[in-house]
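Hi everyone, thanks for making time this morning. I'd like to walk you through one model, and please stop me whenever you want to look at something again.

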Amino acid sequence: MVKRILSHPNVYSGDGRDETRTIRRRSYERENDVALINNNRTNSVPMITIKNSISEEELDQQQPKKKTSIGPINITTINKSNQIQTEIREQWSEKLDFLLSIIGFAVDLANIWRFPYLCYKNGGGAFLIPYVLSVILGGLPLFYLELLLGQYYRQGSITCWKKICPLLAGIGWAVTIIAFYTDFYYNVVISWGLYYLFASFRRILPWSDCNHAWNTKDCSTVNRRRIFLENCMNQSNNTINLSEKFLERNFLYENCSEELTRLKIVSPAQEYFHLQVYRLKPESKLSLAHMGNINWENLVCLAIIYLICYFSMWKGIKTSGKVVWFTALFPYVVLTILMFRGFFLNGSMKGIEYYIRPDLTKLTDASVWVDAASQTFFSLGPGFGVLMAFASYNDFHHNVYRDAMITVAVNSITSFASGFVIFMFLGYMSEISGRDIKDVAEQGSTLVFIVYPEAIATMPWAPVWAVFFFLMLLTLGLDSSFGGSEAIITALSDVFPILRQRREWFVGILFSFYFIIGIPSCTDAGIYFVELLQNYAAFYSIIIAVLFEAIAVSWLYGIERISEDIKEMLGTKPGKFWIITWCFIAPLFLGGIVISGLIQHVHSDYGKLTDPFYYKYPDWSHTIGWVFALSSVIFIPAVAIYQLLMERGNLLTRFRLAIRPWKERQKHINPDIIISTNFVDTQYPT
């Protein structure tokens with residue numbers, strides 16, 4: 001039989017124009033017979049075909065066999081002017097390009113600056129129990145599901161969700177906007193790494209001492225702080241026995257450590273970040289309302305980051321797929337080198353002990369389980385549309401199951417291994433500073449831009465180790481940034497095909513807009529702006545969006561439908577484990593994070609109350625933050641209401657029509673159509 005091929009988008013159920021549609025379809029079929037038979041590439045893409053009298057055997061003789069090479073797909077479409085158009089959708093030039101891209105996206109800065117601290121804070125080795133359970137029952141199923149959807153529908157998030165469940169098509173817009181917001185600040189953080197990398201090419205690192213123009217009288221090096229603690233603790237030395245001596249030493253240490261904090265004595269690394277990278281001078285009275293002047297060094301670093309991103313992505317996955325061979329693999333080389341070096345540092349074993357020493361009593365604390373779940377979710381990154389975008393460039397029968405398992409395993413192992421590296425250096429920092437590890441262990445940007453650089457500055461050959469470390473941060477951040485940008489580019493290009501044809505211009509305009517938005521982040525008080533975006537841009541909104549994703553696929557699209565889709569694509573239906581996790585555990589997993597996060601939510605400020613650079617955000621900034629967060633997820637109910645209004649009938653009928661997936665809408669238009677995966681799709685206009 002000759003197969004007339006319809007594309008996925010823009011085909012809806014009957015609207016009273018059946019006769020006109022039939023006449024137009026017959027005209028298109030005659031033209032498409034020639035275009036289809038002459039097409040010399042037949043990649044496996046899910047689409048709809050129409051039966052007629054020609055047998056499949058005859059068609060197989062006319063069509064060449066499917067090739068196993070990977071390259072662009074010709075997608076033939078017919079516009080409303082009856083003109084045949086051919087669009088090219090790229091495919092990964094190598095299967096490893098895809099695997100390295102999703103590994104590079106999943107393994108990011110959070111693996112370095114958040115997981116080790118959470119592991120230490122939440123019971124050491126005991127934290128691995130809730131973490132592994134969260135990965136298996138929540139993170140892995142959601143990660144795999146998004147790859148499946150992207151590969152099956154071969155579309156970005158916006159058009160993909162429109163086909164899966166039109167009622168919740170707003171999910172696609174929501175996750176695209178969230179990825180858009182995230183890029184506002186994420187690339188700024190990467191630019192800090194570039195700033196430090198440039199500063200590392202000096203004989204003496206600029207954050208190693210207090211002899212610079214930006215330093216204050218409160219600046220104190222590691223050795224001076226250690227001497228202060230020793231002198232303070234030696235003031236009282238009246239002990240009776242060994243046990244009392246131990247108790248008194250702990251008591252004296254706590255008192256002296258509090259005195260050190262009260263005096264607001266700061267390290268050179270703290271002052272370098274706050275007074276040189278930024279300009280948070282107390283006399284300037286900076287705030288969100290008065291952010292000061294532009295720091296031109298920061299702005300230049302941000303511009304360089306966007307230039308790197310542009311020339312890595314302007315040609316699509318042909319270029320970004322090759323760049324990730326370096327950005328995804330190089331961090332492991334550096335991590336191995338730093339682990340080997342850290343093993344021989346004084347105090348490294350003490351740091352490892354603090355890191356992995358199990359405290360099973362912590363498992364009774366609900367916050368530990370919430371931390372494990374949130375770390376799993378944000379580390380793997382389902383819901384940003386990145387996985388869907390990357391998978392949309394796969395061959396239809398690509399073994400995405402294998403890649404999902406490999407990526408999740410690599411991500412988890414990287415998180416755990418990076419903890420050894422971080423805590424080896426924190427143990428060393430504790431040893432040379434005389435402070436307990438609990439007083440030097442931090443998370444987030446404080447860890448990688450203040451604590452860790454200060455530890456490196458005290459080592460022999462410090463500039464060499466600094467270059468290695470900041471190159472690692474740079475590459476870790478860049479491939480995750482590539483993923484976020486590709487999610488936006490793919491999603492919008494599938495909605496507006498003209499953007500794909502003008503990709504170089506589109507990517508250039510997108511990054512130029514990002515750069516303009518990033519200018520406030522490069523002012524004297526730009527760190528306040530970055531932290532505000534980081535607190536509100538994605539946390540609650542992305543979890544809510546993915547919660548609706550799980551509900552849409554499992555309960556509205558239906559587990560039977562998704563199982564048949566997977567069988568069509570991979571040859572077998574998913575097992576009971578996947579069905580149970582998608583239908584029940586994943587929604588509970590996400591709902592638990594949202595509820596616990598809202599219950600425990602407190603307005604964040606910059607730094608700790610005892611820090612010399614502490615800043616309390618004004619109430620109006622939190623209001624803006626919540627508006628910012630809701631501006632993305634509001635698309636989910638807004639589009640749902642719109643879809644219900646566009647359907648006909650009573651409310652129940654409208655609901656049933658609005659959740660009808662794309663494929664079934666095609667069957668409603670023409671009962672003779674069947675599903676095939678052997679041809680390149682061709683579009684009939686509606």
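Before I count anything, a word on terms: helices here are DSSP runs of H or I with at least four residues, strands are runs of E with at least two, and both are numbered from the N terminus. With that in hand, the protein comes to 30 helices and 5 strands. Please keep in mind that this is a predicted model.

How far does the confidence go? The mean pLDDT of the protein is 82, and 82% of the residues reach 70 or more. There are stretches to treat with care, though. Over residues 75–85 the pLDDT stays under 50, and the model has 36 contacts there beyond four places in sequence. Residues 238–243 are also below 50, and that stretch has 3 contacts beyond near neighbours in sequence. Where pLDDT is low, the predicted coordinates should not be read in detail.

Now the overall picture. Of the 686 residues in the protein, 58% are buried. Among contacts with a separation of 6 or more, 83% are between residues 24 or more positions apart. The protein exposes about 29,000 Å², with carbon and sulfur atoms supplying 62% of that.

Let's go to the annotated site. Which residues does the UniProt "binding site" annotation cover? The record, an unreviewed entry, lists G104, A106, V107, N111, S379, N411, L476, D479 and S480. These positions span 377 residues in sequence, yet no two of their C-alpha atoms are more than 13.9 Å apart, so they gather at one spot.

Two of these residues deserve a look of their own. N111 sits in helix α4, residues 109–113. Is N111 buried or exposed? Its relative accessibility is 0%, so N111 counts as buried. Setting aside residues up to four places away in sequence, N111 touches A106, P116, S379, N411, S415 and S418. A106, S379 and N411 are also in the annotated set.

The other one is D479, in helix α21, which covers residues 462–495. D479 has 2% relative accessibility and therefore counts as buried, the cut-off being under 20%. Beyond four places in sequence, D479 is in contact with G104, F105, V107, V324, T327 and A328. If you zoom in on A328, you'll see the D479 side chain reaching its backbone nitrogen at 3.4 Å.

Next, some backbone geometry. Most residues other than glycine have a negative phi. K285 is not a glycine, yet has a positive phi of about 50°. K285 is in the loop between α11 (268–277) and α12 (296–313), and at 70% relative accessibility K285 counts as exposed. W461 also has a positive phi, of about 55°, and is not a glycine either. Where is W461? In the loop between α20 (445–457) and α21. W461 is exposed, with a relative accessible area of 67%.

One last stop is C583, in helix α26, residues 576–600. C583 is buried, with a relative accessible area of 8%. Its contacts beyond four places in sequence are S554, W555 and I559. A550 lies 33 residues from C583 along the chain, and their C-alpha atoms are separated by 7.3 Å.

Technical notes. Residues are numbered from 1 along each chain as its sequence is written. This is a predicted model: local features need pLDDT of at least 70, side-chain atom pairs count only at pLDDT 80 or more; totals for chains, interfaces and linings use all residues. Side-chain values use heavy atoms; hydrogens and water are left out. UniProt positions are given in the numbering used here, feature names are shortened, and annotations may be inferred rather than shown by experiment. Buried means under 20% relative accessible area, exposed over 50%, partly exposed in between (1.4 Å probe, protein chains only). Contact means heavy atoms within 4.5 Å. A polar contact is a pair of N or O atoms within 3.5 Å; within protein, one must be able to donate a hydrogen and the other to accept it, and residues adjacent in sequence count only if both atoms are side-chain atoms. Accessible areas come from the Shrake-Rupley method with a 1.4 Å probe; for residues, only the protein chains shown count as cover. pLDDT is the predictor's confidence in each residue, from 0 to 100.
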